[in-house]
Amino acid sequence: MLVSIRKMQLPIHIILIAFLLMIFVPVLEMVNISFKSDTQFDHNPWGVEAPFQTENYVAVWPMISGYLLNTVIYAVSIALGTVFLACISAFVFARFDFPGRDFLYLMVISLLMVPPAVTLIPQFVLVRNLGLLGTRWAMILPMVAGGQVFGIFLLKAFFEGLPEELFEAARVDGADSIRCFFYIGLPLSKPIIGTLVVINILGTWNNIIWPRVVLSDDGLFPLTVGLMQFRQLFYTVWGPLMAGYVIASIPLIVLFALASRLFVQGLTSGALKV
Amino acid sequence: MASRYCYLALLPMFVFLIVFSYYPPVTALWRSFFDWNGAQAIFMGFSNYLELFQDKIFLRAVGNIAKLSLFRILAINIMSLLVAELLFNLKNDRARRFYQVAFLIPMVVPTIVSLFLWQFIYDGQFGLLNALLKALGLESLQHAWLGESTTALKALMFVGFPWIVGTNTLIYLAGLQGLSTSVIESAILEGCNIFQRFWKIDLPMILGQVRLLLILSLISEVQSYETQFVLTNGGPGTATMVPGLHMYQVAFTYGRLGYACAIGMVIFAITLILTWVNMRFIRPNVDA
């Protein structure tokens, strides 16, 4: 029996590598083409070929950098607001007992059922009536409100799992609830908070519809909307186009490189147990 | 800590939720009974909902999303589970960790960029797919994939090919790793082949994960319209129209916000019903 599983190892590797190739070839071609001049693309669109043109990057950077900065501003503000509010609420729900706690928690969690399809239009009218249309607040405030629901769901389960003895010991030593939260709760929750931050930033980075609905000023556009205009400008001029796509992807790659260990840890432990 | 401090700590969150999360869906339900342009509203009873049954674009959109999401949900879950099984049967732990991370990396390509890359793959003149067909001597099969009404919907089904979602794979793998090796070994000794083992042992053990991921992919596929929004705008004609995009256009192109709210409520209702069906028919026998 052992022999049969050993025999299977090579085919398994081959299939997995074939899948990875299918996934990564378009991405690698994006990087490859981003270094090609127009004539190079016409002669040899797919192969790797020297000289590598960095002009494409130089040409598109001024056009993309503003969108990139906006996306970073949105992503960071939304992530900070969400994590701040979600941590406090999740901690209160998880570690304190007060009348109506379970009911209030259920009220919060039931919002996970309400899909964006239902809220898109009334939320647009709300933002307009509040006079926020066309401002950065229109991007940030509704996303913080929506993001904290999932955050509370994720963090509460984790905070509940922390051993009560730790908090007991701190209280005996004279720590109040706020200190318990900052000196015990938070430091132990780094992987799960890191996971929440990564998921939240990905959400902002990939938000296509909402900014298109609430923003109209080119100077405030995030990458998603900005790239759609950029694409129309450079359509069929593939080198600069691909360079723009690469620039838009780099920050997330850096984020993933920094946080992947936390992320895999956070996903496989804790709240996602079925 | 006294209860009132607890309520005080929860107050900022609830203020946010009341304004931005509770108020909008209530408005959506209420306004779906109105002819509403965002300012003036005239009560119409159920006429918005009745109009949906005669709205040819909406009916086409429902048909499209049914085909599209059925195909994609199955493809995504079968392929992710297949990769999880392959990883599970890998004997080398370091290789397994390498593959795990490798399959997660596509997550960091922004959705908008990967959609544009698919547009590039499908491009009639310069696209990767047509170039591949040409290299294989199959020029006759070339198409302007997204521009022809016969191929556009099929092309959207294949966006994301080979449909492996890294997080799904991770969750399936975690489920498989909960299996005891002695059960598998005795099954092999009994002469179980790979397919029997999968149906009789592996699959029943991870039904919980299957159910969760089916529901999650169902919710996201039935409601999503970003792909159409970026790649086809529902066209050519209505060949790739889906309910979410129709809602968007009715609201922001034609200013019929009340009717759009009704479409939103119907999408919500369909999602709820499908989720319920899923919960009803896939029942994990072990609560692990």
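A disulfide is a pair of cysteine sulfur atoms within 2.5 Å. Keep that cut-off in mind. This is a predicted model, and a search of the whole structure finds zero disulfides over all chains.

Why none? Take two cysteines. A:Cys87 has its closest cysteine sulfur in A:Cys180, 15 Å away, which is too far for a bond. A:Cys87 is also buried, at 5% relative accessibility. Now B:Cys6. Its closest cysteine sulfur is again in A:Cys180, 13 Å off, so that pair is too far for a bond as well. B:Cys6 is buried, with a relative accessible area of 0%.

On to confidence. Chain A averages a pLDDT of 87. In that chain, 94% of the residues score at least 70.

Next, the two chains together. How many residues of chain B are in contact with chain A? The count is 88, and they meet 86 residues of chain A. The area buried between the chains is about 7,900 Å². Carbon and sulfur atoms give 83% of that area. Salt bridges between chain B and chain A number zero.

A:Asn206 is one residue to look at here. You will find it in chain A, in the loop between α9 (190-205) and α10 (209-214). A:Asn206 is buried, with a relative accessible area of 19%; the cut-off for that word is under 20%. Leaving out residues up to four places away in sequence, A:Asn206 touches A:Thr224, B:Pro110 and B:Thr111.

Now the core. The largest nonpolar core has 109 residues. Those with the most contacts inside it are A:Leu227, A:Tyr245, B:Val113 and B:Val230. Helix α12 of chain A, residues 238-268, gives the most to this core, with twelve residues.

Stay with A:Tyr245. What is it in contact with, beyond its neighbours within four places in sequence? In chain A, the partners are A:Met30, A:Leu227 and A:Arg231. In chain B, they are B:Val113, B:Phe116 and B:Leu117.

Last topic: charge. Side chains of opposite charge can pair when their charged atoms come close. The structure holds eleven salt bridges over all chains. Here are three of them.

A:Arg95 and A:Glu164 meet at 2.3 Å, N to O. A:Arg95 sits in helix α3 (residues 55-95) of chain A, and A:Glu164 in helix α7 (residues 164-172), 69 residues apart. A:Arg95 is buried, at 16%. A:Glu164 is partly exposed, at 34% relative accessibility.

In chain B, B:Glu51 forms a salt bridge with B:Arg256, with the closest N and O atoms 3.0 Å apart. B:Glu51 lies in helix α2 (residues 47-52), while B:Arg256 is in the loop between α13 (243-252) and α14 (257-281), so the pair ties together parts 205 residues apart in sequence. Both ends are partly exposed: B:Glu51 at 29%, B:Arg256 at 30%.

B:Arg72 pairs with B:Glu221, the closest N and O atoms being 3.2 Å apart. Buried or exposed? B:Arg72 is buried, at 13% relative accessible area. B:Glu221 is buried too, at 12%.

One more point on salt bridges. Through shared partners, A:Arg95, A:Glu164, A:Glu168 and A:Arg171 join into one network.

How values were computed. Residues are numbered from 1 along each chain as its sequence is written. Chains are lettered from A and ligands numbered from 1 in the order in which they are written. This is a predicted model: local features need pLDDT of at least 70, side-chain atom pairs count only at pLDDT 80 or more; totals for chains, interfaces and linings use all residues. Side-chain values use heavy atoms; hydrogens and water are left out. A nonpolar core is a set of buried Ala, Val, Leu, Ile, Met, Phe, Trp, Tyr and Cys residues joined through side-chain atoms within 4.5 Å. Buried means under 20% relative accessible area, exposed over 50%, partly exposed in between (1.4 Å probe, protein chains only). Helices (H or I, at least four residues) and strands (E, at least two) are DSSP runs, numbered from the N terminus. Contact means heavy atoms within 4.5 Å. pLDDT is the predictor's confidence in each residue, from 0 to 100. Buried area is the accessible area (1.4 Å probe) that two parts lose on being put together, summed over both. A salt bridge is a side-chain nitrogen of Lys or Arg within 4 Å of a carboxyl oxygen of Asp or Glu.
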